[in-house]
Amino acid sequence: PAGTLAATLERLDGAPYARYRSLTGRPWPLGGGTTASLRHGQADPFAPPSRWEVRCPRTPFAALALTTAVRRRALAGFLARSARSAAGPFRIDAGGQEVVQRSSCEVSADGSVVLRPAYALPGPRRRIDGHRAAADLAGTLPALVTEHVLGVDLEQARAFCDAVEDAAHLRSLLPGLGLVAFVADGAVLPRASGVDDRPLAGAVPFDSPPSLRVEVDLPHRGRTSGMGVPTGVTVLVGGGFHGKSTLLRALEAGVDDHVPGDGRDLVVTDPGAVAVRAEDGRAVTRVDVGAFVSGLPGGADPRDFTTADASGSTSQAAATVEALEAGARVLLLDEDTTATNLMVRDARMQELVAKSSEPLNPFVDLVRSLADDHAVSTVLVVGSSGDYLDVADRVLLLESYRCHDVTDRAREVARRPTGRVAEAGTFPAVRARVPDPAGVDATARGRRRVSAVGTDTLRLGEDDVDVRAVRQFTDPAQVTGAGLALDHAVAAGHLDGRRTLAEVLDRLEADLAGPTGGWTGGAAADVAVPRRHEVAAALNRLRSLRVLRLR
Ligand code: ADP
Ligand code: MG
């Protein structure tokens with residue numbers, strides 16, 4: 001039956017390149033019930049590669065008990081990685097170390113599989129190379145599917161699903177245990193390098209401090225011990241190079257599941273955890289930064305703050321408030337990437353510079369209220385400011401990559417007064433924004449433009465959105481996903497000029513939980529599903545963003 005596609009391609013040999021598109025609109029049998037459809041034919045050989053959709057209704061995977069969305073996502077991740085490793089002229093997006101739902105491979109509860117490879121249709125001198133295309137599409141592709149998708153080792157596939165299911169289960173246990181994160185004993189946190197997200201070889205494995213040790217029962221792995229990071233304010237201290245940022249980064253990454261063997265397999269964080277950092281130069285649109293800023297030069301209202309070029313401190317204030325607006329339950333901050341003047345103002349500076357001439361309220365005076373009045377926890381690295389010892393629920397010391405609970409000693413130290421006075425009491429409820437759908441436009445010169453440049457830039461319509469500071473984007477496909485999610489929010493009427501941003505995200509989240517096809521509009525790109533927080537982060541950095549009202 002594969003002959004039909006092969007015969008058609010042979011017949012098209014030598015025809016003008018554009019005739020490849022005559023292949024669209026029907027499924028081509030590849031044998032064994034599997035079909036391939038051309039979803040996006042490329043216009044010419046230099047355009048982005050064509051997109052194929054391979055459907056495999058008959059698979060052995062129902063035996064893997066694909067009863068939960070987590071197991072289906074895990075199996076899809078496993079199959080995509082297997083297919084990618086042997087893809088030849090086909091490109092199959094499988095992402096990095098995170099196991100995120102993506103359009104390149106999706107699995108249904110009955111075990112059927114959809115694979116969406118990219119393939120550059122061969123066209124020397126803008127003519128169809130029918131022989132080459134037939135060999136690839138009717139020969140290599142079905143073989144790839146048979147061997148590296150349908151023919152994977154079922155026990156390996158099961159182990160992968162089980163591992164991901166354990167991590168997801170562990171994450172779901174966190175609220176009931178009063179935790180915001182869990183770091184398993186034996187976990188490997190550091191990465192091979194700044195550009196290689198695989199585990200660092202020879203690293204010191206994580207070992208939990210006894211006072212924070214928690215034991216949990218996981219469905220597959222069974223009894224597992226590790227450090228539970230309780231809700232509240234947790235401060236990470238320690239000398240330079242002792243592993244503070246590495247631990248914080250692992251917590252940032254813990255909102256996602258990781259491939260078995262990643263080292264962070266059982267490092268999980270509340271899905272509402274958002275990394276916040278300073279990002280001078282970014283745009284801010286009508287954000288209520290009143291908690292952090294009591295007055296602005298020129299008399300602008302800090303509770304309705306807009307700028308095209310934020311400073312370090314105002315950008316961090318805005319990012320914090322935006323995270324809260326989107327529903328963050330945990331804030332993750334690292335002194336390496338925060339604005340010092342928004343984090344601290346010590347006793348001596350209070351003495352020298354009167355509060356009346358300092359419009360900033362430092363985070364150290366707000367972090368308690370976030371925890372106590374808003375149930376928003378914070379984990380922060382501040383090796384340089386002892387003032388945080390006054391407000392911390394617990395203090396963890398990193399020493400030669402070993403984590404110690406030094407809360408009691410920190411209390412002793414904090415007992416001696418510094419003369420510092422708190423400069424803010426409570427963190428006020430933030431004003432909700434109602435975004436204007438007209439400010440979110442994915443079209444540029446009459447065409448849809450949604451793509452990613454690495455994890456640095458989201459191209460959305462006329463806008464190039466700088467998302468470098470949005471650290472929890474897992475890979476470029478997820479940046480594209482955030483752009484498509486925004487486009488969908490407008491198209492589906494979620495973002496309608498009446499709903500607040502949080503309400504828009506609620507609606508959108510329900511759609512994102514379904515098959516990717518429900519909101520990608522059959523995009524000709526690799527798409528991974530983002531969290532609501534990354535969608536919000538992309539929207540917030542859109543320079544065309546308009547906000548109609550504040551509530
Ligand atoms: P800090 O933030 O305390 O200055 P980092 O987290 O940046 O320290 O870590 C400093 C270096 O130590 C990094 O190169 C990191 O990869 C490495 N590192 C961190 N944790 C470990 C570990 N458990 N084993 C080995 N190397 C580690
Ligand atoms: Mg650091």
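Tutor: Let us begin with a definition that the pairing of strands needs: two strands pair if DSSP finds at least two bridges between them. Please keep in mind that this is a predicted model.

Student: What makes strand S8 and S14 a pair?

Tutor: Three bridges join strand S8, residues 179-184, to S14, and because a pair needs at least two bridges, the two strands count as paired. They run antiparallel, and within this pairing Ala181 has Thr269 in S14 as its bridge partner.

Student: Which sheet do these strands belong to, and why are S11 and S14 said to stand at the edges?

Tutor: The sheet is an open one of four strands, in the order S11-S12-S8-S14, with antiparallel pairing. Strand S11 (213-218) and strand S14 (267-269) each have a single partner strand, so one side of each is left without a neighbour in the sheet. On average, and with direction ignored, neighbouring strands of this sheet are turned by 35° against each other.

Student: What lies across this sheet's strands?

Tutor: Helix H4, residues 154-177, lies across S8, S11, strand S12 (222-230) and S14, and it runs at about 130° to S11.

Student: How do you know that Arg125 is exposed?

Tutor: Arg125 has 8 C-beta neighbours inside 10 Å, and a residue is called exposed if 12 or fewer lie within that distance, so Arg125 counts as exposed. Arg125 lies in the loop between strand S7 (118-119) and helix H3 (130-148), and its phi is near 55°, a positive value in a residue other than glycine.

Student: What makes a set of residues a nonpolar core, and which residues have the most contacts inside the largest one?

Tutor: Such a core consists of buried nonpolar residues joined through C-beta atoms within 7 Å. The largest has 174 residues, and those with the most contacts inside it are Leu75, Leu79, Leu332 and Ala538. Leaving aside residues up to four places away in sequence, Leu79 touches Cys105, Val113, Val149 and Val152.

Technical notes:
Residues numbered from 1 in each chain as written. Chains lettered and ligands numbered in written order. Predicted model: local features only at pLDDT ≥ 70, side-chain atom pairs only at ≥ 80, totals over all residues. Helix = DSSP H or I, 4+ residues; strand = E, 2+ residues; numbered from the N terminus. Axes fitted to C-alpha atoms, helices over the stretch in contact; angles between N-to-C directions. Contact = placed C-beta atoms within 7 Å. Buried ≥ 20, exposed ≤ 12 C-beta atoms within 10 Å, placed from the backbone.
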